[in-house]
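Please look through the sequence and the structure shown here, and keep both in view while reading the report that follows.

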Amino acid sequence: MKIKNPFLLCILFNFLFCSSFSQIQITENTIGKNFIIPSKILNEERKIQIFLPEDYNNSSKKHPVIYILDGQRLFLHAVSLSQSFKKFKLTPECIIVGITNTYPKRFGHFSSGAKTFLSFITQELIPYVDQEFKTSEERLLFGWEYAGGFVIETMTKNPELFNGYLAASPFPIHDTSLPISVNRMKSLDSILNSKKKLETFLFFTSSIHEGVVTDGTEYLKNKLESEAPDTLRWEYTYLQNEEHRSTPYHTLYHGLKQYYHYYPELRFNSLEEYKKLGGMDNVVTYYKKRAEQFGFPEKVAQPTMWNLVKKASDEDNYTAFNTFMNQFKPNDFLEHLRTNWGCVFAAFYMKHNQPEKAKELYAFFSKKSPNSARPVNGLGDVYRVLKNKKEAMIYYKRAIQLGKKNSDWRLQEYKKDLSDLKNE
């Protein structure tokens with residue numbers, strides 16, 4: 001049936017269009033929860049935002065806590081970063097606590113009222129979070145602008161309170177016209193002159209066109225370069241392509257990556273990079289520090305061993321390849337290596353005229369994965385090179401049987417190897 005009336009066509013179209021969306025379900029998109037904490041110290045109610053890791057309710061695991069000053073603006077950014085870091089295993093899963101502030105009270109809390117606000121965090125907020133949630137003893141504090149100055153002041157007055165301090169465009173730091181700045185520098189001088197170990201982490205930034213902010217951070221950088229104890233891990237980054245309003249986003253990202261520098265499993269982009277960074281001595285040191293900071297095993301992780309062996313094969317560096325293979329075998333490298341990768345590395349030995357070494361690998365993986373055709377066919381290749389046609393034929397036929405049984409996509413390759421062998 002043809003409908004020629006445009007009006008009827010329009011009605012029909014609208015009906016079909018609306019019907020196609022009638023089954024769509026709409027639910028609330030909620031990120032974390034809001035908590036209203038009555039504070040006796042501040043004499044007011046404080047809104048706190050808290051985000052918990054995905055597996056929080058199904059595990060007894062305790063988590064680090066990242067405290068975000070100005071949560072009304074930066075809480076969601078912190079949650080987004082934590083989710084990305086989790087996916088790529090750059091940091092542990094963290095509890096995110098956003099401390100909401102309102103204008104103009106915000107400036108007072110981070111300047112003239114800093115002592116009182118720190119008391120609220122120390123005596124009311126942290127005890128509440130630690131009591132109500134499964135927290136580890138690891139805490140980080142992040143703030144921007146006046147809140148960044150508050151972060152640095154907190155470190156000077158109570159350095160053990162947080163394991164890491166992240167300050168974006170901190171202000172004021174060294175503006176001699178402001179009593180806040182003078183007091184903060186006195187606190188810094190006091191803790192530096194006390195010769196305390198100051199075992200914590202500080203990451204701070206500034207950017208272009210920030211005037212007294214950049215002056216202050218440069219002053220702080222110079223002071224730390226000459227007076228900071230070796231136990232203080234610190235880094236200053238000048239964000240050349242940012243400006244005042246964008247520094248908190250980059251600071252939190254890079255600050256967390258620096259704090260958790262030893263958390264990811266080590267990988268290299270090339271053998272040149274591996275050598276430039278100190279070779280195997282650097283790898284061993286990295287995993288030792290990783291174990292000390294996060295409690296991981298001290299031995300080199302499987303992905304790092306695989307990465308180095310693969311880079312050597314990709315770059316066709318037989319000497320490095322064979323060195324890594326010999327170094328990693330005692331560390332159960334082969335036991336945890338996938339069979340397909342074992343065959344790739346065995347083939348690399350074959351490429352470099354090392355059939356006996358290839359034979360060792362193919363035999364290992366044929367026992368490890370008895371139903372896999374690829375290492376069996378590899379043994380056929382080895383015996384073929386060794387001029388043992390009889391043994392080669394046995395392994396090629398066995399590979400074809402396993403290939404048929406498991407619908408191996410390389411089956412035609414196995415058949416061709418057998419056919420070529422018969423025609424030799």
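## Strand pairing

Two strands are said to pair if DSSP finds at least two bridges between them. In this predicted model, strand β7, which covers residues 201-207, pairs in the parallel sense with strand β8 (residues 233-239) over 7 bridges, and within that pairing Phe204 stands opposite Tyr236 in β8.

Strand β7 also pairs in the parallel sense with strand β6 (residues 164-168), here over 5 bridges, and Leu166 stands opposite Phe203 in β7. Together with helix α7 (residues 212-227), the strands β7 and β8 make a right-handed β-α-β unit.

## Burial of strand β7

Buried residues are those with under 20% relative accessible area. Because 7 of the 7 residues of β7 are buried, this strand is largely enclosed by the rest of the structure. Phe201, Phe203, Thr205 and Ser207 point one way from β7, whereas Leu202, Phe204 and Ser206 point the other way, and the residues of both groups are buried.

## Nonpolar cores

The largest nonpolar core has 60 residues, and those with the most contacts inside it are Ile96, Phe324 and Phe333. If its neighbours within four places in sequence are left aside, Phe324 is in contact with Leu271, Tyr274, Met280, Leu308, Val309 and Ala312.

Note on methods
Residues are numbered from 1 along each chain as its sequence is written. This is a predicted model: local features need pLDDT of at least 70, side-chain atom pairs count only at pLDDT 80 or more; totals for chains, interfaces and linings use all residues. Side-chain values use heavy atoms; hydrogens and water are left out. A nonpolar core is a set of buried Ala, Val, Leu, Ile, Met, Phe, Trp, Tyr and Cys residues joined through side-chain atoms within 4.5 Å. Buried means under 20% relative accessible area, exposed over 50%, partly exposed in between (1.4 Å probe, protein chains only). Contact means heavy atoms within 4.5 Å. Helices (H or I, at least four residues) and strands (E, at least two) are DSSP runs, numbered from the N terminus. A crossover is right-handed if, with the strands pointing away from the viewer, the path from the first strand over the helix to the second runs clockwise.
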